[in-house]
Amino acid sequence: MLQCLLRSHSGFSHIFRCHRWSTTSTSSRLPYGSVSISRRCTRTLETPIPGRFIHCAKRNEGRNDVSKGPTAADIGEYKSQVRQLKREVTEVKSKINRKKTLQGSQKVVGLAMMSNIALFSGKLYAAIQSGSASMFSEALHSLADALNESLLMWGIWRSLREPDPQHPYGFTAERYAWALVSGVGVFFLGGGVSIYHGISGLMAAHHALGDVTSSWIVLGASLLFEGGTMTYAWRHISKSAEAAGVSVLEYLRRGADPTAVQVFMEDCAAVAGVVVAGSCLTLSKLLNLPVIDSIGSITIGILLSCVATFLIRRNIAGLVETSMPAHRQAEIVRELESDPVVSSVQDIKSTALGPEWARFKAEILFNGEEVTRRYITRNPELFAMEYEQLKKLKTREEVEVWLERQGGRVVSTLGSEVDRLEFNIMTKRPEVKHIDLEIL
């Protein structure tokens with residue numbers, strides 16, 4: 001099978017060597033050198049193939065042994081493999097960057113989870129010793145953060161799975177789903193219980209504080225731990241924002257990595273909560289007014305509820321697909337319209353998942369004359385031979401057969417032009433992972 005293809009194009013065997021490489025796992029192809037392979041495959045893909053192997057198929061017309069020439073199924077399989085190779089060559093770098101980002105997120109979440117487990121134990125001990133409502137709220141805060149970060153870790157692990165036939169676009173959205181569950185946990189377990197405990201303290205007639213020395217020590221340690229994890233998460237977010245080409249504030253609002261953003265926001269709330277708890281605890285002890293400590297617990301609960309509300313809204317927005325930013329979509333449309341083979345672009349639709357992942361769909365009215373000129377230019381020897389055959393045609397039936405053959409080759413060239421347009425967009429706009437260009 002495909003022996004004729006091998007004879008008609010010297011680079012064909014090289015394409016399939018690249019294709020065999022591209023179907024291996026990411027870990028196995030990295031040591032081989034993905035950049036150099038991508039360049040070699042890209043150069044090979046730019047070679048005008050369709051006319052040559054169809055010409056080879058023509059030479060075998062009329063033969064009884066169909067194995068000596070490619071069938072329509074063979075040609076379709078070949079073109080499908082070339083298209084898949086183009087996509088994988090384009091996606092190699094984005095897959096590597098995505099895996100690095102997720103591994104960085106795992107480190108951020110893992111560090112924060114271990115920190116919060118240790119802090120929960122210390123805060124709970126200090127809350128029991130002092131009887132402070134603010135310390136109890138802080139203990140609940142650390143417990144909620146540890147549980148929520150375990151959910152975030154699970155979401156990261158789930159999103160790392162490779163796409164399958166039932167999930168052709170992968171499992172990226174699972175991070176948002178588990179981050180949403182985590183945000184709801186912060187709202188109810190962190191915010192709701194803290195507010196309830198603070199109100200209970202206000203209503204208690206004989207609420208008194210015990211020894212607060214251990215509370216001050218734990219709060220000081222908490223400030224160091226929470227500040228350290230917050231700084232680490234900030235650095236990770238800054239690198240991700242720079243890679244995405246957006247500001248840090250924009251990334252916090254719309255970035256494609258909800259886990260690191262969630263850890264950062266929770267740590268910000270934790271640092272603010274430590275300051276509130278420490279201040280209220282100190283004032284309560286100095287002024288002998290336990291009511292201030294209960295007010296601190298309510299304040300921490302309100303703070304956590306506000307952060308949780310932001311995270312819930314952000315993750316819902318990530319699960320509900322929205323269109324690409326207008327200026328980015330307009331840039332892609334302008335790039336398509338500036339291409340000589342495109343007459344007009346209609347019915348444009350796009351979806352985005354943060355600034356780093358998008359799908360683009362449009363209907364294209366192609367310039368048939370330009371597509372035909374490209375077919376002729378790319379296959380001068382074939383066209384010269386066909387021209388000589390055309391001069392020998394005498395009957396209507398012979399002309400119809402000739403036209404049918406040329407029509408098939410022009411359609412094949414049109415398919416190559418669609419592939420070229422998609423490849424150019426994905427190369428220049430790496431955030432566009434999937435492109436669907438329909439022919440009008």
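Let me begin with residues 291-312, whose end C-alpha atoms lie 31 Å apart and whose span is 100% helix and 0% strand, where helices (H or I, at least four residues) and strands (E, at least two) are DSSP runs numbered from the N terminus. Residues 291-312 are one of the spans that UniProt, in an unreviewed entry, gives as "transmembrane region", along with 108-128, 176-196 and 208-225; the positions are in the numbering used here, feature names are shortened, and such annotations may be inferred rather than shown by experiment. Residues 108-128 are likewise 100% helix and 0% strand, with 30 Å between the end C-alpha atoms.

A word on the basis of all this. This is a predicted model, in which local features need pLDDT of at least 70 and side-chain atom pairs count only at pLDDT 80 or more, while totals for chains, interfaces and linings use all residues. Residues are numbered from 1 along each chain as its sequence is written, and side-chain values use heavy atoms, with hydrogens and water left out.

For the chain as a whole, there are 15 helices and three strands, and 49% of the 440 residues count as buried, meaning under 20% relative accessible area, with exposed being over 50% and partly exposed in between (1.4 Å probe, protein chains only). Among contacts (heavy atoms within 4.5 Å) between residues at least 6 apart in sequence, 78% join residues at least 24 apart.

Which residues have the most contacts inside the largest nonpolar core? They are Met-135, Ile-237 and Val-263, in a core of 32 residues, a nonpolar core being a set of buried Ala, Val, Leu, Ile, Met, Phe, Trp, Tyr and Cys residues joined through side-chain atoms within 4.5 Å. Helices H5 (72-130), H6 (133-159), H8 (213-244), H9 (248-254), H10 (258-287) and H11 (290-319) each supply at least two residues of this core, and the largest share, nine residues, comes from H10. Leaving aside neighbours within four places in sequence, Ile-237 is in contact with Val-248, Tyr-251, Leu-252, Ala-260, Val-261 and Phe-264. Apart from this core lies another, of 22 residues, among them Val-341, Leu-421, Ile-425 and Leu-437.

Turning to charged pairs, the count comes to 19 salt bridges, each a side-chain nitrogen of Lys or Arg within 4 Å of a carboxyl oxygen of Asp or Glu. In one of them Lys-123 pairs with Glu-138, the closest N and O atoms being 2.9 Å apart, and this pair links distant parts of the chain, with Lys-123 in helix H5 and Glu-138 in helix H6, 15 residues apart. Lys-123 is buried at a relative accessible area of 0%, and Glu-138 is buried at 0%.

Glu-174 forms a salt bridge with Arg-158, again with 2.9 Å between the closest N and O atoms, and joins helix H7 (residues 173-203) to helix H6 across 16 residues.

Glu-386 is buried at 0%, and Arg-405 is buried at 16%. Finally, Asp-339, Glu-370, Arg-373, Arg-374, Arg-378, Glu-417 and Arg-420 are linked in a network of salt bridges.
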